[in-house]
Amino acid sequence: MCGINGIFHKRTQKEVDTSTLIKMRDVLEHRGPDDSGIFTDQNLGLGHRRLSIIDISKAGHQPFSSEDGRYVLVFNGEIYNYADFYPELKNNGFTIKTQSDTEVLLKLYQLYGLAMLSKLNGMFAFAIWDKAERTLTVARDRMGVKPLYYSWHEGSFYFASEQKALFAAGVPLKISEPGIEEYIFNRFVAGEQTLFENVKKLLPGHSMVIAQSGEVKTEQWWNLKDEIQNHTAISKPLEWFQATFDSSIRLRMISDVPVGVLLSAGLDSSSILASIHHQKFSDIQTYTVGFQEAEHNEAHLAEMLTKKFNYQFNRLELRDEQVYNKLLSATYFQDEPLMHLSEPHLLALSQLAQTNVKVLLSGEGGDELMGGYVRYKPLQFPTLLQAAAVINKLDVFSKKMRYDKLARYASINNPRDLVLYNGSNIFPKDIAQNFGIHKAPENEYRNEIYRQAQELYPNNLRRQALYFDQHTYLCSLLDRNDRCTMGASVECREPFLDQRLLAGLGSLDDKWLFTGKKGKYILKSSMQERLPDDILNFRKVGLSTPWGEYLTQNPAFADEMSSFSKSEIFKWSYFENINIDKMIDQLRKGDKRMVAYIVPLFMLHIWVKYYVEKFSSLAKII
């Protein structure tokens, strides 16, 4: 796991400024405190910060050059099946000189070019410079577990693992209007666009080749829809799932440094720990966030399960000023306003883990692959939503938070928007009524994914929502995991995102996902003999956080709340109709419905005030 960056000038006579390259690299030091390096070739420069996980010797130093000197690689991530390629490479005349997956990756590229991507089981973002052809090739893993951002600025191509490295190189920080619209309506910006003008993401499962002439060729090398459609029928789903899941865990336990588990006591992370125990891995540490509020706390179950398996349990609880300080730190690492609201706790938990382990396994992806969110349930019978909308007009649900949200969601009257806004906390009518904003974002990328979902699962809104989330919401979760763990110099691995599980689960009948009250039927069934009933039947909480209480009762937030009501963001024309003082007053009087409206604005305020300030000479707000 590492941080990578680079500069490629179209003008051959313009040499890369080494100081700028190093500045980009070292703003990513948290991603790789163990080693660093740069490579320059006239108008091309590559930078690397290393977190040593596999082959921790100096042999894994990057940038990594081929033996003939033609290719130079910078690589972020892990190729879990790298050792499987040793015989193949040796039979083709290659000598393996290290124990590093980096060397295998580069030699596979020498042998197959980008055709090697389909052979890889891993998470990765990399860049390869070809000295002979003078082309730069960048690529990203199937689901986008590892990030890669880029910008064309003044005729030059800049890329990095995090946006802050682009800004450190002089790329202007300017919020895009479509980006802020999508943030308000959908909680985050999906697809290749970002919150910033002139900063893009290389999409998951895509590669890009930039020639010296400036010609760019972008290709999608992996497509989940195609993989699902072409998947062979699974005759014994339960046996297939258990074997594939265990195999995925086994691959992700490959490490030359200690491994731990992020354990919420939910079904997903508990299943990971159960598989680890079933496969007889020893000396495992688990890490759990605890809360004073009983409705948010799962720590007692996490501790019970950890001790049952004879592993080492670690519990963290943030209070008062700790929450506020971690909020500021997480905002810096995230590069964009926080939207999952668990980022401060995940960062703190990763920092705690860093004292003992360098790798953490996470249960991310289980909900999006197997229907684990309650919000999917209304999509089974969308006509019943109309009845909920009618009842809502009688104000029956107003003081019951979950039902209030359902009733507001029920006011959406077309299938497309039921899918597009399924993961939102506030909906277009809410935004119009409370923010005075009536124009929804164009959502070109989201609409394209919805079209794919329709083709793949016609007349099945639940499956459409899963497919949609796998390309949108899940990507934002992976961004969160990457920034929070790497902010603590820890690598995060997600076993549910093995490509075999992604395609196979997508091909199964609905009953294997949605049977039962909580979904994830195939996972629960496969864990019946491995997990206690307390875990199998526990009400889902996940890493939820009491932000209403933080904003109104936490002393550390008092001054910031006063500053928030006078925030710079309310001077933007986009927010000119928002009466933030009225909303804050309602929240302080106990109207918890205001949390959904206030929190995204508060996080945007924090980001503008504390993140943008760090790049103030480059910043230009909309």
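How many aromatic pairs does the count come to? In this predicted model, local features need pLDDT of at least 70 and side-chain atom pairs count only at pLDDT 80 or more, while totals for chains, interfaces and linings use all residues. Residues are numbered from 1 along each chain as its sequence is written, and side-chain values use heavy atoms, with hydrogens and water left out.

The count comes to 32 aromatic pairs. Rings of Phe, Tyr and Trp (its six-membered ring) pair if their centres lie within 6.5 Å; planes under 30 degrees apart count as stacked, over 60 as edge-to-face and the rest as tilted. The rings of Trp572 and Phe575 have centres 5.9 Å apart and planes at 20°, so this pair is stacked. Trp572 and Phe575 are both buried (under 20% relative accessible area, with exposed over 50% and partly exposed in between; 1.4 Å probe, protein chains only). A cluster linked by ring pairs holds Tyr324, Trp547, Tyr550, Phe557, Phe564, Phe570 and Phe602.

Phe575 also belongs to the largest nonpolar core, which has 191 residues. A nonpolar core is a set of buried Ala, Val, Leu, Ile, Met, Phe, Trp, Tyr and Cys residues joined through side-chain atoms within 4.5 Å. Among the residues that touch the most other members are Phe126, Phe575 and Trp607. A second, separate core of 19 residues includes Ile4, Phe39, Leu136 and Phe157.

Two charges sit over rings (NZ of Lys or CZ of Arg within 6 Å of the ring centre and within 35 degrees of the ring normal). Lys119 lies over the face of Tyr112, 4.6 Å from the ring centre. The charged end of Arg462 sits over the ring of Phe514, at 4.0 Å from its centre.
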